[in-house]
Amino acid sequence: MKISAVKSSIVMLPADEPLAGAAENPSGTRPIVTVEVETDDGVAGVGVTYFGGRLTGTLKSAVEELGGIAKGEDPLRVEAVGAKLRAAAGSAGPGGIFHLALSAIDMALWDIRGKASNLPLWKLLGGARERVPTYASGALMRGLSLDRVVKSAATLKEKGWREMKTQLALPGETSPAIEVERMRRVREAIGPDIHLMCDINQRWRPEQAIDIGRRVEDAGVGLFWFEDVTTADDFPGLARVTAALRTPVAGGEYVWGIVPFRHMVEARSVDIVMIDLVRVGGITQWLKVAGMAEAFNLPVVSHLIPEVHVHLIGAVPNGLTVEYMPWLMPLFEEVPLQHNGELAMPTGPGLGLKFNRATIDRYRVS
(Lines give C-alpha, C1' and ligand atoms only; values in the text may rest on other atoms or scores of the structure.)
Protein backbone atom coordinates (compact mmCIF):
# COMPACT_ATOMS: atom_id res chain seq x y z
CA MET A 1 0.00 0.00 0.00
CA LYS A 2 1.31 3.44 -0.99
CA ILE A 3 0.06 6.98 -0.48
CA SER A 4 -1.28 8.16 -3.84
CA ALA A 5 -2.66 11.62 -3.02
CA VAL A 6 -3.33 14.08 -0.20
CA LYS A 7 -6.26 16.41 -0.75
CA SER A 8 -7.44 19.32 1.37
CA SER A 9 -10.19 21.95 1.53
CA ILE A 10 -10.91 25.05 3.59
CA VAL A 11 -14.37 24.93 5.11
CA MET A 12 -15.86 27.91 6.97
CA LEU A 13 -18.16 26.29 9.52
CA PRO A 14 -20.77 28.36 11.40
CA ALA A 15 -19.63 29.29 14.93
CA ASP A 16 -22.80 27.94 16.51
CA GLU A 17 -23.21 26.17 19.85
CA PRO A 18 -25.70 23.29 19.61
CA LEU A 19 -25.37 21.91 23.15
CA ALA A 20 -27.36 24.67 24.87
CA GLY A 21 -27.96 27.22 22.09
CA ALA A 22 -25.59 29.69 23.72
CA ALA A 23 -23.14 30.82 21.05
CA GLU A 24 -20.94 33.82 21.90
CA ASN A 25 -20.78 34.83 18.24
CA PRO A 26 -23.67 33.14 16.40
CA SER A 27 -22.97 34.98 13.14
CA GLY A 28 -19.26 34.09 13.12
CA THR A 29 -17.40 31.31 11.34
CA ARG A 30 -14.58 28.86 12.09
CA PRO A 31 -12.01 28.11 9.35
CA ILE A 32 -11.23 24.39 9.21
CA VAL A 33 -8.90 22.51 6.86
CA THR A 34 -10.20 19.05 5.95
CA VAL A 35 -7.68 16.47 4.78
CA GLU A 36 -8.00 13.17 2.91
CA VAL A 37 -5.06 10.83 2.36
CA GLU A 38 -5.69 8.37 -0.48
CA THR A 39 -3.84 5.13 -1.22
CA ASP A 40 -3.30 3.03 -4.31
CA ASP A 41 -5.48 0.20 -3.02
CA GLY A 42 -8.52 2.38 -2.32
CA VAL A 43 -8.23 2.81 1.45
CA ALA A 44 -8.46 6.48 2.44
CA GLY A 45 -8.04 8.29 5.76
CA VAL A 46 -9.50 11.57 6.99
CA GLY A 47 -8.02 14.30 9.15
CA VAL A 48 -8.67 17.90 10.17
CA THR A 49 -6.65 20.86 11.34
CA TYR A 50 -7.24 24.51 12.26
CA PHE A 51 -5.85 27.42 14.33
CA GLY A 52 -4.64 29.03 11.11
CA GLY A 53 -6.80 32.15 11.49
CA ARG A 54 -6.02 34.46 8.57
CA LEU A 55 -3.19 32.07 7.69
CA THR A 56 -5.59 29.19 7.03
CA GLY A 57 -4.70 29.37 3.33
CA THR A 58 -1.06 28.98 4.29
CA LEU A 59 -1.98 26.01 6.49
CA LYS A 60 -3.81 24.37 3.59
CA SER A 61 -0.76 24.90 1.37
CA ALA A 62 1.48 23.35 4.04
CA VAL A 63 -0.78 20.28 4.19
CA GLU A 64 -0.59 19.90 0.42
CA GLU A 65 3.19 20.40 0.27
CA LEU A 66 3.79 17.87 3.02
CA GLY A 67 1.30 15.57 1.32
CA GLY A 68 3.31 15.75 -1.88
CA ILE A 69 6.42 14.73 0.04
CA ALA A 70 4.53 11.79 1.60
CA LYS A 71 3.29 10.53 -1.77
CA GLY A 72 4.62 7.04 -2.53
CA GLU A 73 5.28 6.20 1.13
CA ASP A 74 3.74 3.31 3.05
CA PRO A 75 0.90 4.86 5.12
CA LEU A 76 1.16 2.12 7.73
CA ARG A 77 4.68 3.28 8.66
CA VAL A 78 3.47 6.39 10.46
CA GLU A 79 6.76 7.09 12.24
CA ALA A 80 8.73 6.82 9.01
CA VAL A 81 6.39 9.20 7.20
CA GLY A 82 6.56 11.65 10.10
CA ALA A 83 10.36 11.53 10.13
CA LYS A 84 10.48 12.26 6.40
CA LEU A 85 8.14 15.23 6.75
CA ARG A 86 10.09 16.68 9.69
CA ALA A 87 13.35 16.35 7.75
CA ALA A 88 11.83 18.03 4.70
CA ALA A 89 10.52 20.92 6.82
CA GLY A 90 14.02 21.66 8.07
CA SER A 91 13.92 24.22 10.87
CA ALA A 92 10.29 25.21 10.16
CA GLY A 93 9.21 23.17 13.18
CA PRO A 94 8.49 22.14 15.80
CA GLY A 95 5.36 24.15 16.32
CA GLY A 96 3.34 26.55 14.22
CA ILE A 97 1.96 25.88 10.76
CA PHE A 98 4.24 22.87 10.32
CA HIS A 99 2.87 21.05 13.34
CA LEU A 100 -0.73 21.89 12.47
CA ALA A 101 -0.26 20.45 8.97
CA LEU A 102 1.65 17.39 10.19
CA SER A 103 -1.11 16.58 12.69
CA ALA A 104 -3.81 16.33 10.04
CA ILE A 105 -1.76 13.96 7.90
CA ASP A 106 -0.79 11.87 10.93
CA MET A 107 -4.46 11.64 11.91
CA ALA A 108 -5.40 10.38 8.47
CA LEU A 109 -2.59 7.81 8.49
CA TRP A 110 -3.87 6.34 11.75
CA ASP A 111 -7.35 6.22 10.20
CA ILE A 112 -5.85 4.19 7.36
CA ARG A 113 -4.04 1.88 9.81
CA GLY A 114 -7.31 1.15 11.59
CA LYS A 115 -9.15 0.51 8.35
CA ALA A 116 -6.37 -1.76 7.06
CA SER A 117 -6.60 -3.77 10.30
CA ASN A 118 -10.42 -3.62 10.31
CA LEU A 119 -10.28 -2.30 13.87
CA PRO A 120 -11.55 0.92 15.45
CA LEU A 121 -8.62 3.08 16.46
CA TRP A 122 -9.22 2.75 20.22
CA LYS A 123 -8.87 -1.05 19.98
CA LEU A 124 -5.82 -0.80 17.74
CA LEU A 125 -4.17 1.44 20.35
CA GLY A 126 -4.92 -0.74 23.37
CA GLY A 127 -8.63 -0.50 24.14
CA ALA A 128 -8.50 0.41 27.82
CA ARG A 129 -12.29 0.75 28.17
CA GLU A 130 -15.52 0.70 26.17
CA ARG A 131 -17.02 3.95 27.51
CA VAL A 132 -15.46 7.21 28.70
CA PRO A 133 -16.78 10.23 30.60
CA THR A 134 -17.29 13.43 28.62
CA TYR A 135 -17.98 17.04 29.50
CA ALA A 136 -19.95 19.78 27.78
CA SER A 137 -17.73 22.63 26.61
CA GLY A 138 -18.46 25.87 24.77
CA ALA A 139 -21.91 26.63 26.20
CA LEU A 140 -20.86 28.57 29.32
CA MET A 141 -18.39 31.06 27.88
CA ARG A 142 -17.15 34.25 29.56
CA GLY A 143 -18.66 36.51 26.87
CA LEU A 144 -22.20 35.49 27.86
CA SER A 145 -24.19 37.21 30.57
CA LEU A 146 -24.45 35.56 33.96
CA ASP A 147 -28.16 34.88 33.47
CA ARG A 148 -27.47 33.24 30.11
CA VAL A 149 -24.71 31.08 31.58
CA VAL A 150 -26.90 29.99 34.50
CA LYS A 151 -29.75 29.09 32.15
CA SER A 152 -27.42 27.16 29.82
CA ALA A 153 -25.88 25.25 32.72
CA ALA A 154 -29.33 24.12 33.83
CA THR A 155 -30.13 23.12 30.23
CA LEU A 156 -27.01 20.98 30.03
CA LYS A 157 -27.97 19.22 33.26
CA GLU A 158 -31.45 18.54 31.89
CA LYS A 159 -29.86 16.96 28.80
CA GLY A 160 -27.98 14.46 30.93
CA TRP A 161 -24.54 16.04 31.11
CA ARG A 162 -22.70 15.11 34.30
CA GLU A 163 -19.66 17.26 33.59
CA MET A 164 -19.43 20.78 32.13
CA LYS A 165 -16.97 23.65 31.81
CA THR A 166 -17.31 27.40 32.21
CA GLN A 167 -14.83 30.30 32.15
CA LEU A 168 -13.58 33.07 34.40
CA ALA A 169 -11.29 36.07 33.80
CA LEU A 170 -14.38 37.97 32.68
CA PRO A 171 -14.28 40.78 30.10
CA GLY A 172 -14.90 44.39 31.04
CA GLU A 173 -15.13 45.57 34.64
CA THR A 174 -14.66 42.64 36.98
CA SER A 175 -13.33 41.83 40.42
CA PRO A 176 -12.57 38.76 42.50
CA ALA A 177 -16.01 39.09 44.11
CA ILE A 178 -17.74 39.18 40.70
CA GLU A 179 -15.76 36.16 39.51
CA VAL A 180 -16.59 34.15 42.62
CA GLU A 181 -20.28 35.07 42.44
CA ARG A 182 -20.44 33.79 38.85
CA MET A 183 -19.06 30.44 39.91
CA ARG A 184 -21.37 30.27 42.91
CA ARG A 185 -24.43 30.92 40.72
CA VAL A 186 -23.44 28.26 38.20
CA ARG A 187 -22.92 25.72 40.97
CA GLU A 188 -26.29 26.63 42.44
CA ALA A 189 -27.94 26.01 39.04
CA ILE A 190 -26.48 22.53 38.57
CA GLY A 191 -26.35 21.18 42.11
CA PRO A 192 -23.48 19.55 44.00
CA ASP A 193 -23.00 16.37 42.00
CA ILE A 194 -22.06 17.73 38.55
CA HIS A 195 -18.34 17.95 37.77
CA LEU A 196 -17.69 21.63 37.03
CA MET A 197 -14.48 22.81 35.37
CA CYS A 198 -13.31 26.40 34.88
CA ASP A 199 -11.05 27.66 32.08
CA ILE A 200 -8.99 30.84 32.48
CA ASN A 201 -7.27 30.73 29.04
CA GLN A 202 -3.96 32.10 30.41
CA ARG A 203 -5.54 35.40 31.54
CA TRP A 204 -4.38 35.56 35.17
CA ARG A 205 -1.00 36.14 36.70
CA PRO A 206 0.05 33.43 39.17
CA GLU A 207 -0.81 35.58 42.19
CA GLN A 208 -4.26 36.33 40.76
CA ALA A 209 -4.86 32.63 40.14
CA ILE A 210 -3.94 31.82 43.73
CA ASP A 211 -6.06 34.62 45.16
CA ILE A 212 -9.22 34.02 43.14
CA GLY A 213 -8.74 30.25 43.18
CA ARG A 214 -8.70 30.24 46.98
CA ARG A 215 -11.76 32.49 47.11
CA VAL A 216 -13.64 30.06 44.84
CA GLU A 217 -12.58 27.20 47.08
CA ASP A 218 -13.69 29.05 50.22
CA ALA A 219 -17.08 29.71 48.59
CA GLY A 220 -17.61 25.95 48.41
CA VAL A 221 -17.98 25.80 44.63
CA GLY A 222 -16.06 22.53 44.43
CA LEU A 223 -14.38 22.67 41.02
CA PHE A 224 -13.20 19.53 39.27
CA TRP A 225 -10.30 21.55 37.88
CA PHE A 226 -8.97 25.03 37.06
CA GLU A 227 -7.55 25.17 33.53
CA ASP A 228 -4.73 27.21 31.99
CA VAL A 229 -4.65 29.59 34.93
CA THR A 230 -1.63 31.55 33.69
CA THR A 231 0.79 31.76 30.74
CA ALA A 232 1.12 28.24 29.37
CA ASP A 233 4.93 28.11 29.26
CA ASP A 234 5.43 29.66 32.71
CA PHE A 235 6.03 26.25 34.25
CA PRO A 236 7.35 27.64 37.58
CA GLY A 237 4.36 30.00 37.83
CA LEU A 238 1.96 27.16 37.10
CA ALA A 239 3.69 25.04 39.73
CA ARG A 240 3.20 27.82 42.31
CA VAL A 241 -0.54 27.85 41.62
CA THR A 242 -0.81 24.07 41.62
CA ALA A 243 0.95 23.84 44.97
CA ALA A 244 -1.18 26.61 46.50
CA LEU A 245 -4.64 25.36 45.54
CA ARG A 246 -6.62 22.36 46.72
CA THR A 247 -8.39 22.34 43.34
CA PRO A 248 -6.55 20.33 40.64
CA VAL A 249 -4.93 22.46 37.93
CA ALA A 250 -5.09 21.34 34.28
CA GLY A 251 -2.89 22.62 31.46
CA GLY A 252 -1.20 21.74 28.19
CA GLU A 253 -3.57 22.66 25.36
CA TYR A 254 -1.28 25.52 24.26
CA VAL A 255 1.86 23.37 24.25
CA TRP A 256 3.50 22.44 20.93
CA GLY A 257 5.16 19.04 20.49
CA ILE A 258 6.25 16.61 23.18
CA VAL A 259 9.40 18.16 24.69
CA PRO A 260 7.65 21.03 26.55
CA PHE A 261 5.38 18.47 28.19
CA ARG A 262 8.48 16.92 29.75
CA HIS A 263 9.40 20.28 31.23
CA MET A 264 5.82 20.72 32.44
CA VAL A 265 5.54 17.40 34.24
CA GLU A 266 9.08 17.53 35.63
CA ALA A 267 8.24 20.90 37.21
CA ARG A 268 5.00 19.45 38.63
CA SER A 269 3.26 22.36 36.95
CA VAL A 270 -0.12 20.66 36.61
CA ASP A 271 -2.23 17.92 38.18
CA ILE A 272 -3.97 17.06 34.91
CA VAL A 273 -2.27 17.04 31.49
CA MET A 274 -4.42 18.41 28.66
CA ILE A 275 -3.24 17.46 25.16
CA ASP A 276 -4.35 19.27 22.02
CA LEU A 277 -4.26 16.89 19.06
CA VAL A 278 -3.30 19.41 16.38
CA ARG A 279 -0.73 21.35 18.41
CA VAL A 280 1.05 18.28 19.76
CA GLY A 281 1.69 16.86 16.29
CA GLY A 282 -1.07 14.32 15.76
CA ILE A 283 -2.06 10.97 17.23
CA THR A 284 1.52 9.64 17.21
CA GLN A 285 2.76 12.45 19.45
CA TRP A 286 -0.43 12.53 21.56
CA LEU A 287 0.18 8.94 22.64
CA LYS A 288 3.77 9.72 23.63
CA VAL A 289 2.64 12.55 25.89
CA ALA A 290 -0.03 10.32 27.43
CA GLY A 291 2.62 7.71 28.22
CA MET A 292 4.89 10.38 29.69
CA ALA A 293 2.05 11.60 31.92
CA GLU A 294 1.30 8.05 33.05
CA ALA A 295 4.92 7.66 34.15
CA PHE A 296 4.41 10.72 36.39
CA ASN A 297 1.12 9.32 37.75
CA LEU A 298 -0.90 12.03 36.00
CA PRO A 299 -4.22 11.69 34.12
CA VAL A 300 -4.67 13.11 30.63
CA VAL A 301 -7.63 14.91 29.11
CA SER A 302 -8.37 16.08 25.59
CA HIS A 303 -8.82 19.47 23.93
CA LEU A 304 -11.43 19.82 21.15
CA ILE A 305 -12.11 17.18 18.41
CA PRO A 306 -14.14 14.71 20.54
CA GLU A 307 -14.79 12.74 17.36
CA VAL A 308 -11.15 11.59 17.45
CA HIS A 309 -10.26 12.10 21.10
CA VAL A 310 -12.87 9.56 22.19
CA HIS A 311 -10.54 6.92 20.72
CA LEU A 312 -7.45 8.27 22.45
CA ILE A 313 -8.92 8.81 25.92
CA GLY A 314 -10.54 5.37 25.66
CA ALA A 315 -7.32 3.70 24.56
CA VAL A 316 -4.92 4.82 27.31
CA PRO A 317 -5.15 3.75 30.98
CA ASN A 318 -4.80 7.30 32.33
CA GLY A 319 -7.46 8.93 30.13
CA LEU A 320 -9.78 10.93 32.38
CA THR A 321 -12.51 12.60 30.30
CA VAL A 322 -13.22 13.89 26.77
CA GLU A 323 -13.92 17.56 26.09
CA TYR A 324 -17.10 17.68 24.03
CA MET A 325 -16.70 20.89 22.05
CA PRO A 326 -18.98 20.45 19.02
CA TRP A 327 -17.11 22.70 16.59
CA LEU A 328 -16.65 20.00 13.97
CA MET A 329 -19.89 18.04 14.29
CA PRO A 330 -21.37 19.22 10.95
CA LEU A 331 -18.29 17.91 9.10
CA PHE A 332 -19.15 14.26 9.71
CA GLU A 333 -22.07 12.01 8.83
CA GLU A 334 -22.14 10.52 12.34
CA VAL A 335 -20.39 11.59 15.54
CA PRO A 336 -20.18 10.10 19.05
CA LEU A 337 -23.05 11.38 21.22
CA GLN A 338 -23.15 11.57 24.99
CA HIS A 339 -25.54 9.40 26.95
CA ASN A 340 -25.73 9.78 30.72
CA GLY A 341 -22.51 11.77 30.61
CA GLU A 342 -20.52 9.18 28.68
CA LEU A 343 -19.40 8.37 25.15
CA ALA A 344 -19.48 4.83 23.82
CA MET A 345 -16.45 3.77 21.80
CA PRO A 346 -17.01 3.89 18.03
CA THR A 347 -17.38 0.52 16.31
CA GLY A 348 -16.34 1.37 12.75
CA PRO A 349 -12.78 0.74 11.54
CA GLY A 350 -10.20 3.49 11.92
CA LEU A 351 -11.67 6.73 13.22
CA GLY A 352 -15.15 5.58 12.24
CA LEU A 353 -15.73 8.95 10.58
CA LYS A 354 -16.98 9.93 7.13
CA PHE A 355 -17.00 13.49 5.87
CA ASN A 356 -20.45 14.91 5.20
CA ARG A 357 -20.04 15.93 1.57
CA ALA A 358 -23.10 18.19 1.63
CA THR A 359 -21.61 20.21 4.51
CA ILE A 360 -18.22 20.48 2.85
CA ASP A 361 -19.73 21.53 -0.47
CA ARG A 362 -21.91 24.13 1.25
CA TYR A 363 -19.18 25.76 3.32
CA ARG A 364 -16.08 25.16 1.20
CA VAL A 365 -14.20 28.34 0.28
CA SER A 366 -11.05 26.81 -1.20
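**View 1. What lines the largest cavity.** Sort the lining of the largest cavity by class and you get six nonpolar, four polar and three charged residues. This is a predicted model, so to speak a calculated picture throughout. The structure holds one cavity of 30 Å³ or more, and the volume of the largest cavity comes to about 90 Å³. Thirteen is the tally for its lining, written 13 residues, with Val 78, Gly 82, Arg 86, Leu 102 and Asp 106 closest to the centre. Which helix gives the most to this lining? H2 does, with six residues. Helix H3 (96–117) and helix H11 (283–295) join H2 in each supplying at least two.

**View 2. Helix H1 against helix H2.** Here we stay with H2 (residues 78–89) and bring in H1 (residues 56–70): the two pack at an angle of about 120°, and their axes are 10 Å apart. That angle makes H1 oblique to H2. The crossing of H1 past H2 is right-handed. On the H1 side, the contact is made by Leu 66, Ile 69 and Ala 70, while H2 brings Val 81, Lys 84, Leu 85 and Ala 88. Class by class, the contact has six nonpolar residues, no polar ones and one charged.

**View 3. The largest pocket.** Now for a pocket with a volume of about 530 Å³, the largest in the model. Its lining takes in 31 residues, and those nearest the centre are Glu 24, Met 141, Gln 167, Met 325 and Trp 327. Strand E2 (29–39), strand E4 (131–140) and strand E5 (163–167) are the elements that give two or more residues to this lining. Which of them gives the most? E5, with three residues.

Key. Residues are numbered from 1 along each chain as its sequence is written. This is a predicted model: local features need pLDDT of at least 70, side-chain atom pairs count only at pLDDT 80 or more; totals for chains, interfaces and linings use all residues. Side-chain values use heavy atoms; hydrogens and water are left out. On a 1 Å grid over the protein atoms alone, a cavity is a set of points where a 1.4 Å probe fits but cannot get out, and a pocket is an open set with protein on both sides within 12 Å along at least five of seven lines; lining residues have an atom within 4 Å of a point. Grid points are joined across faces, edges and corners, and a volume is the space filled by probe spheres set on the points. Helices (H or I, at least four residues) and strands (E, at least two) are DSSP runs, numbered from the N terminus. Axes are lines fitted to C-alpha atoms, for helices over the stretch in contact, and angles run from 0 to 180 degrees between N-to-C directions. Angles under 35 degrees count as roughly parallel, over 145 as roughly antiparallel, 65 to 115 as roughly perpendicular and the rest as oblique. A crossing is left-handed if the near helix is turned anticlockwise from the far one by less than a right angle, and right-handed if clockwise. Contact means heavy atoms within 4.5 Å. Ala, Val, Leu, Ile, Met, Phe, Trp, Tyr, Cys and Pro count as nonpolar, Asp, Glu, Lys and Arg as charged, and the others, Gly among them, as polar.
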